[in-house]
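Subject: A structure for you to look at

Hello! Here is the structure I promised to pass on, with some notes to read alongside it.

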Amino acid sequence: MKRPDEISFAGRLRRYFAANHDEYLTADDVALKLDCTRAQAMRAIETLRYEGTVETMNIVRAVVTAAKVQQP
């Protein structure tokens, strides 16, 4: 049974982005904002991506640790 849009995670995420269209969120951020699991957040993201409401991308960057930073 499909949940009504006003209470579904996808519906809540859709409304969030309508109000905050300049935000960039990770799946973990979405899970925190929607108070749901990461898997539920991923399903909501995929629903919105499928309908063309959001786009997704992977970002890879180097992690700088204290051991890698040279001290003068």
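**What I found**

Starting at the N terminus, the elements of the protein chain follow the order α-α-α. That comes to 3 helices and 0 strands; helices (H or I, at least four residues) and strands (E, at least two) are DSSP runs, numbered from the N terminus. Please keep in mind that this is a predicted model, in which local features need pLDDT of at least 70 and side-chain atom pairs count only at pLDDT 80 or more, while totals for chains, interfaces and linings use all residues. Residues are numbered from 1 along each chain as its sequence is written, and side-chain values use heavy atoms, with hydrogens and water left out.

**The chain as a whole**

The protein chain has 72 residues, and 24% of them count as buried. Here buried means under 20% relative accessible area, exposed means over 50%, and partly exposed is in between (1.4 Å probe, protein chains only).

**How the helices pack**

Let's begin with H1 and H2. Their axes come within 11 Å and cross at roughly 100°. (Axes are lines fitted to C-alpha atoms, for helices over the stretch in contact, and angles run from 0 to 180 degrees between N-to-C directions.) H1 is therefore roughly perpendicular to H2, a label for angles of 65 to 115 degrees; under 35 counts as roughly parallel, over 145 as roughly antiparallel and the rest as oblique. Phe9, Arg12, Leu13 and Tyr16 of H1 make the contact with Val30, Lys33 and Leu34 of H2, where contact means heavy atoms within 4.5 Å.

Next come helix H2 (residues 27-34) and helix H3 (residues 38-51), which pack at about 105° with axes 8 Å apart. So H2 is roughly perpendicular to H3. On the H2 side you will find Ala27, Asp28, Val30 and Ala31, which meet Arg38, Ala41, Met42 and Ile45 in H3.

**The core**

Which residues touch the most other members of the largest nonpolar core? They are Leu13, Val30, Leu34 and Cys36, out of 15 residues in that core. A nonpolar core is a set of buried Ala, Val, Leu, Ile, Met, Phe, Trp, Tyr and Cys residues joined through side-chain atoms within 4.5 Å. Helix H1 (9-19), H2 and H3 each supply at least two residues of this core, and the largest share, 5 residues, comes from H1. The buried residues of H1 are Phe9, Ala10, Gly11, Leu13, Tyr16 and Phe17, and they pack against H2 and H3.

Are they buried or exposed? Cysteine 36 is buried, at a relative accessible area of 14%, whereas aspartate 35 counts as exposed at 69%. Not counting residues up to four places away in sequence, cysteine 36 touches Phe9, Ala31 and Ala41. Cysteine 36 and phenylalanine 9 are 27 residues apart in sequence, yet 8.1 Å apart in space, C-alpha to C-alpha.

Aspartate 35 has a positive phi of about 55°, although it is not a glycine. Most residues other than glycine have a negative phi.

Enjoy exploring!
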